[in-house]
Amino acid sequence: MFTDIATARRHAFSLSRSLMVVTFVIAIGQQYGVITSEDADGSVALVAEYDPFA
């Protein structure tokens, strides 16, 4: 979990490019997490999306 949105976004972008999968930055309270599109369901608040193919 990250407390800084900029750090979470950098990690999500890097992970997206490394794994070549879509990643999301999600908000959980005052913290942010990074998940892949496979792990996402409708119950999380998406902050940003990174698509390595776009």
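**Notes on the fold**

1. Three strands form an open sheet in the order S2-S1-S3, and the pairing is antiparallel. S2 and S3 are the edge strands, each of them pairing on one side only. From one strand to the next, the twist averages 25 degrees. Please keep in mind throughout that this is a predicted model.

2. The pairing of S1 with S2 can be followed in detail. Strand S1 covers residues 23-28 and is joined to S2 by 6 bridges, with the two strands running antiparallel. For one example, take alanine 27, whose bridge partner in S2 is tyrosine 32. As background, the strands of a sheet pair through backbone hydrogen bonds, in either a parallel or an antiparallel way.

3. Now the chain as a whole. It contains 1 helix and 3 strands, and the order of elements from the N terminus on is α-β-β-β. The radius of gyration is 10 Å, close to the 10 Å that the globule rule gives for 54 residues, so the chain is as compact as a globular protein of that length. Along the principal axes, the C-alpha atoms fill a box of roughly 30 × 25 × 15 Å.

4. Of the 54 residues in the chain, 26% are buried. Among contacts with a separation of 6 or more, 47% are between residues 24 or more positions apart. The chain exposes about 3,600 Å², and carbon and sulfur atoms supply 52% of that area.

5. Which residues make up the largest nonpolar core? There are 5 of them: Ala8, Ala12, Val25, Ala48 and Tyr50. At least two residues of this core come from helix H1 (5-19), and at least two from strand S3 (45-50). In soluble globular proteins, nonpolar side chains tend to be buried together.

6. With its neighbours within four places in sequence left aside, alanine 12 is in contact with Thr23, Val25, Val34 and Tyr50. Val25 and Tyr50 are themselves among the residues of the largest nonpolar core.

7. Is threonine 36 buried or exposed? Its relative accessibility is 13%, under the 20% limit, so threonine 36 counts as buried. This residue lies in strand S2, which spans residues 31-36. Apart from neighbours within four places in sequence, threonine 36 is in contact with Val21, Val22, Thr23 and Phe24.

8. Glutamate 49 is found in strand S3. It counts as exposed because its relative accessibility is 52%, over the 50% limit. Neighbours within four places in sequence aside, glutamate 49 is in contact with Val22, Thr23 and Phe24. Glutamate 49 and valine 34 are 15 residues apart in sequence, and 9.7 Å separates their C-alpha atoms.

9. Is glutamate 38 buried or exposed? At 69% relative accessibility, glutamate 38 counts as exposed. Glutamate 38 and threonine 3 are 35 residues apart along the chain, and their C-alpha atoms are separated by 23 Å.

Conventions
Residues numbered from 1 in each chain as written. Predicted model: local features only at pLDDT ≥ 70, side-chain atom pairs only at ≥ 80, totals over all residues. Heavy atoms only, no water. Core = buried A, V, L, I, M, F, W, Y, C linked by side-chain atoms within 4.5 Å. Buried < 20%, exposed > 50% of the residue type's maximum accessible area, 1.4 Å probe, protein only. Helix = DSSP H or I, 4+ residues; strand = E, 2+ residues; numbered from the N terminus. Contact = heavy atoms within 4.5 Å. Pairing = 2+ DSSP bridges. Axes fitted to C-alpha atoms, helices over the stretch in contact; angles between N-to-C directions. Rg over C-alpha atoms; globule rule 2.2 N^0.38 Å. Areas by Shrake-Rupley, 256 points an atom, 1.4 Å probe, with all protein chains shown as cover.
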